[in-house]
Amino acid sequence: MTDFLRTPDDNFASLEDFAFQPNYHDWQDMRMHYLDEGPADGPVMLLLHGMPTWAYLYRHMIPPLVAAGYRCIAPDHLGFGRSDKPTDIHWYTIARHTEILTTLITALDLQDITLVCQDWGGPIGLAQAATMPERFSRLIIMNTWLHHPEYEYSQAIRNWNRNWHEGGLFCREKPDIALLMLLSSGLLPADVIFPALTSGTVPELSGPAAAMYAAYHAPINGLPDSAFNGLRRFPLSIPLDSYDNGNGAAQTHHYRTLLNWNKPVHFIWGCSDDVFTESWGRAWAAQMNASFDPIADAGHFLQNTHGAEVARHILNRSGSA
């Protein structure tokens, strides 16, 4: 039996801009949370998050996509959001996250899928398209990557990875990752965020900053340190120093497989991202003969800050807007 923690439902009871009903997929002895909004017989938008987010990331995208007739499926990886959280850090591998998402797709028998992926949603989600191409009709790729020997990791990725290792800024008990979402969104400056993070305090918050903090803190609010292990494991799975845990060989295979993808591919890119740079996004889009829609002032979490604009790009490319 797996040792895991389950976030109380009350943690999610009063989040702003998030009036979506939870759904659960049983996997082994745990459950995976997912949103399922829109017509049951509509074409599917599979909306995948990365680190340190959850389905809340897509709160501003789901309503316009549903209004356009899409069925939006937005799962939380195990260890994130409303999904169960195994306590053993060694439980988490990218191969396992990939396997679990496969079981959700097959259990729901999803077809005609548009994959929308960003951050770790890229390697986990693009693996599905590479191995079950018949279920997918289109790829929307945003600020992510697939490992391959020629890929050059940015200094920002290397810094992120280093700071989760021993002695790093985030290698601490209960690292307050919700504060990082406020920083990336421009709601609080670094000179407020980092002293709060290192001291284990929360600065005084109000308005949009308070609402966003509450949402990204909700999954781990009141839980012990072991509930943070899913969050910890993602940066520690980057194949630049964790090839096996990051499923590096499979990522390379999926990357090369998808270079021959013969269905529509659209890149939507936050061009202020120093993690996955605009130059990398444009180069990858060119390799896949894909369109490229830049959002100049968007950073890494473009769904979080520019969700409505991202949705417009998706619908424009699909001819639904």
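Tutor: Let's start at Pro52, whose place is in the loop between strand E4 (44–48) and helix H1 (62–67). Helices (H or I, at least four residues) and strands (E, at least two) are DSSP runs, numbered from the N terminus. Please keep in mind that this is a predicted model, where local features need pLDDT of at least 70 and side-chain atom pairs count only at pLDDT 80 or more, while totals for chains, interfaces and linings use all residues. Residues are numbered from 1 along each chain as its sequence is written, and side-chain values use heavy atoms, with hydrogens and water left out.

Student: What omega does the peptide bond from Met51 to Pro52 have?

Tutor: Its omega is near 5 degrees, and the bond is cis.

Student: Which residues is Phe301 in contact with, leaving aside its neighbours within four places in sequence?

Tutor: Contact means heavy atoms within 4.5 Å. With those neighbours set aside, Phe301 is in contact with Met51, Pro52, Thr53, Leu57, Gln118, Met181 and Ser184. Phe301 itself is found in the loop between strand E10 (291–295) and helix H11 (302–318).

Student: Why is Phe301 called buried?

Tutor: Buried means under 20% relative accessible area, exposed means over 50%, and partly exposed is in between (1.4 Å probe, protein chains only). Phe301 has a relative accessible area of 10%, so it is buried. Asp119 counts as buried too, because its relative accessibility is 8%.

Student: What makes Phe267 and Trp284 an edge-to-face pair?

Tutor: Rings of Phe, Tyr and Trp (its six-membered ring) pair if their centres lie within 6.5 Å; planes under 30 degrees apart count as stacked, over 60 as edge-to-face and the rest as tilted. The structure holds 22 aromatic pairs. In the pair of Phe267 and Trp284, the centres are 5.4 Å apart and the planes make 75 degrees, which is edge-to-face. This pair links distant parts of the chain, 17 residues apart: Phe267 is in strand E9 (residues 265–270) and Trp284 in helix H10 (residues 278–287).

Student: Why is the pair of Trp280 and Trp284 called stacked instead?

Tutor: Their ring centres are 5.0 Å apart and their planes are at 25 degrees, so this pair is stacked. Trp280 and Trp284 are separated by about one helical turn, because they are four residues apart in helix H10. Both Trp280 and Trp284 are buried. Ring pairs link them into a cluster with others, including Tyr151, Tyr255 and Phe292.

Student: How do you know that Arg31 lies over the face of Tyr24?

Tutor: A charge sits over a ring if NZ of Lys or CZ of Arg is within 6 Å of the ring centre and within 35 degrees of the ring normal. Arg31 lies over the face of Tyr24 at 3.8 Å from the ring centre, and Arg96 lies over the face of Trp91 at 4.6 Å.

Student: Now the sheet: what is the order of its strands?

Tutor: Eight strands form an open sheet in the order E2-E3-E5-E4-E7-E8-E9-E10, with mixed pairing. Two strands pair if DSSP finds at least two bridges between them. Strand E2 (23–27) and E10 each have a single partner strand, so they stand at the edges, with one side of each left without a neighbour in the sheet.

Student: How many bridges join strand E3 and strand E5, and in what sense do they pair?

Tutor: Strand E3 (residues 30–37) and strand E5 (residues 71–75) pair in the antiparallel sense over four bridges. Pro75 in E5 is the bridge partner of Tyr34. E4 and E5, in turn, pair in the parallel sense over three bridges, and Val44 has Arg71 in E5 as its bridge partner.

Student: Why is E4 described as largely enclosed?

Tutor: Five of the five residues of E4 are buried, so E4 is largely enclosed by the rest of the structure. Val44, Leu46 and Leu48 point one way from the strand, while Met45 and Leu47 point the other way.
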